[in-house]
Amino acid sequence: MTETASQPIPEQPKRNLFQQLELDMRLLGMIGAFAILCIGFNIVTDGRFLTSRNIFNLTIQTVSVAIMATGMVFVIVTRNIDLSVGALLATCSAVMAMTQTEFLPDVLGLGLNHPATWAVTVVVGLACGTLIGAFQGWMVGYLTIPAFIVTLGGFLVWRNVAWYLTSGQTIGPLDSTFMIFGGTNGTLGTFWSWVVGLVAAVLGVMALFSSRRAKVRHGFPVKPAWAEAVIAAIICAAILGFIAVLNAYEIPTRRLERMFELRGEVMPEGYTSGYGLPISVLILIAVAVVMTIIARRTRLGRYIFATGGNPDAAELSGINTRWLTVKVFALMGFLCGLSAVVASARLANHSNDIGTLDELRVIAAAVIGGTALSGGFGTIYGAILGALIMQSLQSGMAMVGVDAPLQNIVVGTVLVLAVYIDIVYRKRLGAK
Amino acid sequence: MKSAKQLRAEGATPLVEMKDISIAFGGVKAVDHVSVDLYPGEVVGLLGHNGAGKSTLIKVLSGAYKMDSGEIRVDGEKVEITNPRDARALNIETIYQTLALADNLDATSNLFLGREMVTPFGLVNDAAMEAECRKIMGKLNPNFRKFNEPVSALSGGQRQSVAIARAVYFNARILIMDEPTAALGPHETQMVAELIQQLKAQGIGIFLIDHDVHAVMKLCDRASVMKNGQLVGTVDIEDVTDDDLLSMIILGKKPEHATA
């Protein structure tokens, strides 16, 4: 082979402002749509939509669906579908409710609110979800039953396994420590929220910097330093702004008084405190970060996308696509278990209808977020934004006083429209 | 280095021996007791009509199909190849007719698919892989520029060079090329021909599947012709003419003067 130098890197032509920032146009479009939605609702509701209280509520309502939507991205990217996530959530929730209210206190004799109860319960719930997910993945991958059928069956099976386990009863109240995973029952408070926000901002800037350094080291083109700085500033502002909003939502005085009473103290006159970052949202952020790293920086993620792009090529490249399917569904099941923790803790009980219709919300969130059902394309942040858009739409319309049937009509229409816009966008780009 | 012909004459151990290979799909014998071999630095052409069984035979070697009976020896040692991973572990690389690229990934990801470089933390090292990709593409196709675009955005020739780069980057000893020039223009076909000469000189053994008798006459040392799943015969290219090969393909008759 003739020895020639490595590829020369061509001079970058002059580009406009947006191109220099190298922002993802799809992300920008989604954020734009979301912003228009929020501002629109805010105007119609006379400023009630964009209050710290409503933003706080929106966030905690989105968490459960958003967690599952990140897993659904991988499922859909590998050209599969999971119709059973809502039912699986219900089964996990039922198993956890039984564990913490009957099995641990009575059968093992730990009593109510034992300090180990929450941990055992969460482990049991996550294991339950992972196992069921892996089992469904095994049927799809190794028995080659179409995912649509396996999970359609699963949709009926797991919904009713939950019913059978609990005899259809609502089980509650749940363990007091367990409940910190749900919304208002567990928040970090203002101080720790700021700490988390600052740490996140620093990590974000460091990640940007290290990726730039890696590119420079290999002599690849990088965007101008000012563009990098602008993006860093936007990231920091977004993170800290979000924390500021959550901190601004104050805990009602009655509730604060009760919290002091529980500790045997008396609340000082005029004392106020913000909720800050809910622990469930912190979990979602952690899930988003981990799932994004899996998607972009691990072999597993690379194989997931390769398999979605061309299953034959993936197989011929030595990727065990059957085992990969099991892993993807097991991960989806794990996330259903995690969502079950958040959802049941938020409601403070397990009810028979928990997670009903979640499968459709989760799929819709992933698809609105730009995940292509034909496989190979999808992003984690897109799915989370998709979940947020769906939830905003729903609660915004409820706030305005739109009739329930109309709400669903609008959500359905938006779903179809969003996918159409995505198709048009892809065609413009010339991609398949 | 001795030429493949000398090695054969001396009775050296072939790089690959496929002995008595059979594979059937639902009653149809796609490959019927076929034996072929390959020496280091040799190009063996596999010829035959569509459906003659040449692609099927070679997919047994690359691990895409499992044979029903027969045995494969590499360097004289019997080996088990049950999937593409086994084949890759034996340094058997394949350039498929369909190229087998993941269209949604970029050239670098495709080049390293299944064999990613990782950082000490176990994360894929994209920057290092892109640097390697730029190096090898600089040798194979100096005009290649689109490193960060999905391969669906590439031309046929560019896609072909990604597929070739993937096969030669990982120290292949045995290279299978399934109609490597089918989708290429004359200039790119010439490029592939030159590449085959380079790889030969490095002692790599190549199975070349092709329809085109002229290409086989030009590039190969020997040719094995198949018809209806059976081996018509293996001939030394120096001993035969285009017409001899054509009559083997069409009539399934081995010329009497050629014995290899």
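In which hand of crossing does helix 11 of chain A pass helix 13 of chain A?

**Figure 1. Helix 11 and helix 13 of chain A in a predicted model.** Helix 11 of chain A passes helix 13 of chain A in a left-handed crossing, a crossing being left-handed if the near helix is turned anticlockwise from the far one by less than a right angle, and right-handed if clockwise. This is a predicted model, in which local features need pLDDT of at least 70 and side-chain atom pairs count only at pLDDT 80 or more, while totals for chains, interfaces and linings use all residues. Residues are numbered from 1 along each chain as its sequence is written, and chains are lettered from A and ligands numbered from 1 in the order in which they are written. Helices (H or I, at least four residues) and strands (E, at least two) are DSSP runs, numbered from the N terminus. Helix 11 (residues 299-309) of chain A and helix 13 of chain A pack at about 110°, their axes being 11 Å apart; axes are lines fitted to C-alpha atoms, for helices over the stretch in contact, and angles run from 0 to 180 degrees between N-to-C directions. Helix 11 of chain A and helix 13 of chain A are therefore roughly perpendicular (angles under 35 degrees count as roughly parallel, over 145 as roughly antiparallel, 65 to 115 as roughly perpendicular and the rest as oblique). Leu300(A), Tyr303(A), Ile304(A) and Thr307(A) of helix 11 of chain A meet Thr321(A), Leu324(A), Lys327(A) and Val328(A) of helix 13 of chain A, two residues being in contact if their C-beta atoms, placed from the backbone, lie within 7 Å. By class, the residues of this contact divide into 5 nonpolar, 2 polar and 1 charged, where Ala, Val, Leu, Ile, Met, Phe, Trp, Tyr, Cys and Pro count as nonpolar, Asp, Glu, Lys and Arg as charged, and the others, Gly among them, as polar.

**Figure 2. Helix 5 and helix 13 of chain A.** The axes of helix 5 (residues 117-141) of chain A and helix 13 of chain A come within 6 Å and cross at roughly 150°, which makes helix 5 of chain A roughly antiparallel to helix 13 of chain A. The crossing of these two helices is right-handed, and their contact has 18 nonpolar, 10 polar and 1 charged residues.

Figure 3. A nonpolar core is a set of buried Ala, Val, Leu, Ile, Met, Phe, Trp, Tyr and Cys residues joined through C-beta atoms within 7 Å; a residue is buried if 20 or more other C-beta atoms lie within 10 Å of its own, exposed if 12 or fewer, and partly exposed in between. Of the 183 residues in the largest core, Ala69(A), Met72(A), Ala365(A), Ala366(A) and Leu208(B) touch the most other members, and the largest share of this core, 16 residues, comes from helix 13 (residues 321-347) of chain A. Leaving aside neighbours within four places in sequence, Met72(A) is in contact with Asp82(A), Met332(A), Val362(A), Ile363(A), Ala366(A) and Ala383(A). Gly386(A), in helix 15 (residues 380-400) of chain A, is buried, with 32 other C-beta atoms within 10 Å. Not counting residues up to four places away in sequence, Gly386(A) touches Ala69(A), Ala365(A), Ala366(A), Ile368(A) and Gly369(A).

**Figure 4. The contact between chain A and chain B.** The contact takes 34 residues from chain A and 32 residues from chain B. On the side of chain B that touches chain A, helix 3 and helix 5 (126-140) of chain B each supply at least two residues, and helix 5 of chain B gives the largest share, 8 residues. The residues of this side of chain B divide into 17 nonpolar, 6 polar and 9 charged.

**Figure 5. Helix 2 of chain B and the residue just after.** Helix 2 (residues 54-62) of chain B is mostly covered, with 9 of its 9 residues buried, among them Lys54(B) and Lys59(B). Just after helix 2 of chain B, Gly63(B) takes a positive phi of about 90°.

Figure 6. In the loop between helix 6 (147-166) and helix 7 (189-217) of chain A lies Pro173(A), and the peptide bond from Gly172(A) to Pro173(A) is cis, with omega near -10°. Asp46(A), in the loop between helix 2 (25-44) and helix 3 (52-77) of chain A, has a positive phi of about 55° although it is not a glycine, and Asp46(A) is exposed, with 7 other C-beta atoms within 10 Å. Asn91(B), in the loop between helix 3 (84-89) and strand 6 (92-95) of chain B, likewise is a residue other than glycine with a positive phi, near 60°, and counts as partly exposed, with 15 C-beta neighbours inside 10 Å.
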